[in-house]
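Subject: Model for your files

Hello,

The structure we discussed is below. My notes on it follow; please read them alongside the coordinates.

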Amino acid sequence: AASMVALGAAFLATPLMAAEHEAAAAMGPSTSVAWTAEQMRFVANGDVARGGVLNRQLFCASCHGDAGIAQSGNWPSIAGQRAEYTFKMLKDYKEGKRHGSASAEIMVKVAQLMSDQDMADVAQFYASFELPRLPTGVSFDAALAEQAKPMVVRGDGKRLLAPCQACHGPNGQGSITDTPALAGQTPDYFIKTMREYKSGARASDVYSRMRLIAQVLTDEEIEQMAHYYAGMTAK
């Protein structure tokens, strides 16, 4: 753990990355969600059954699927997603912290109809499912997935990049609070998301963490990672 902290500190210590980090910080917090014990309990107590009702009433299923498995790479599969992450994202949409793309603007409008309780309930509904398998007709490239392993497992010390699994877990399941599960995500959506981080179009990541990482990764590495995580639940 200490080595990971040191690596992260060294990453931000490089002049370019430090300057970009400071610029992002100057723009204000990327989210208003503070993970206090009270906030954690609130999300943990979300009502799964009511979340299922809201999933239908708010037409969430039309994009994300009845059981959280999207049928298009334009939208993420959110089955098995951490409830805290889903809650945070909905709050970010509602408060204008996450916007820019056409799909994001749709989510802004949906989230504005939701209370915090609605968000916690929907978040627990999706978290109640297992991590998704790829929908019918969507596949992953096993050769590209294999090429991603070194970055996912070991990272790249020369570029001060920590391994992906340090935050997203060895099984792509995500970790505490705002680190999402990635396993079973469609390659198209993964690539789309990383490109938005890389360009800065998506800026709701806390401390600009993913923006800083995406800017260092090559397009080829992003594609490899997309297929790696897409294939994690295919076995």
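A nonpolar core here is a set of buried Ala, Val, Leu, Ile, Met, Phe, Trp, Tyr and Cys residues joined through side-chain atoms within 4.5 Å. Buried means under 20% relative accessible area, exposed over 50%, and partly exposed in between, with a 1.4 Å probe and protein chains only.

This is a predicted model, in which local features need pLDDT of at least 70, side-chain atom pairs count only at pLDDT 80 or more, and totals for chains, interfaces and linings use all residues. Residues are numbered from 1 along each chain as its sequence is written, and side-chain values use heavy atoms, with hydrogens and water left out.

Confidence
The pLDDT (the predictor's confidence in each residue, from 0 to 100) averages 88 over the chain, and 87% of the residues score at least 70. Residues 1–18 fall below 50, yet this stretch has 21 contacts in the model beyond near neighbours in sequence; contact means heavy atoms within 4.5 Å. Residues 23–27 are also below 50, with two such contacts.

Cores
The largest nonpolar core has 26 residues, and Phe87, Tyr93, Met114 and Tyr126 have the most contacts inside it. Helix 6 (83–94), helix 7 (102–111) and helix 8 (116–127) are the elements that give two or more residues to this core. Helices (H or I, at least four residues) and strands (E, at least two) are DSSP runs, numbered from the N terminus. Apart from this core lies another, of 19 residues, including Met151, Ile191, Ala226 and Tyr229. Met114, leaving aside neighbours within four places in sequence, touches Leu58, Leu90, Lys94, Met119 and Val122.

Trp35
Trp35 sits in the loop between helix 2 (15–26) and helix 3 (37–44). Its relative accessible area is 23%, so Trp35 counts as partly exposed. Beyond four places in sequence, Trp35 is in contact with Met40, Val43, Glu84, Phe87, Lys88, Thr177 and Asp178. Lys88 is 53 residues away along the chain, with 9.7 Å between the two C-alpha atoms.

Cysteines
How many disulfides does a search of the whole structure find? It finds zero, a disulfide being a pair of cysteine sulfur atoms within 2.5 Å. Cys60 is buried, at 12% relative accessibility, whereas Cys63 is partly exposed, at 24%.

Regards
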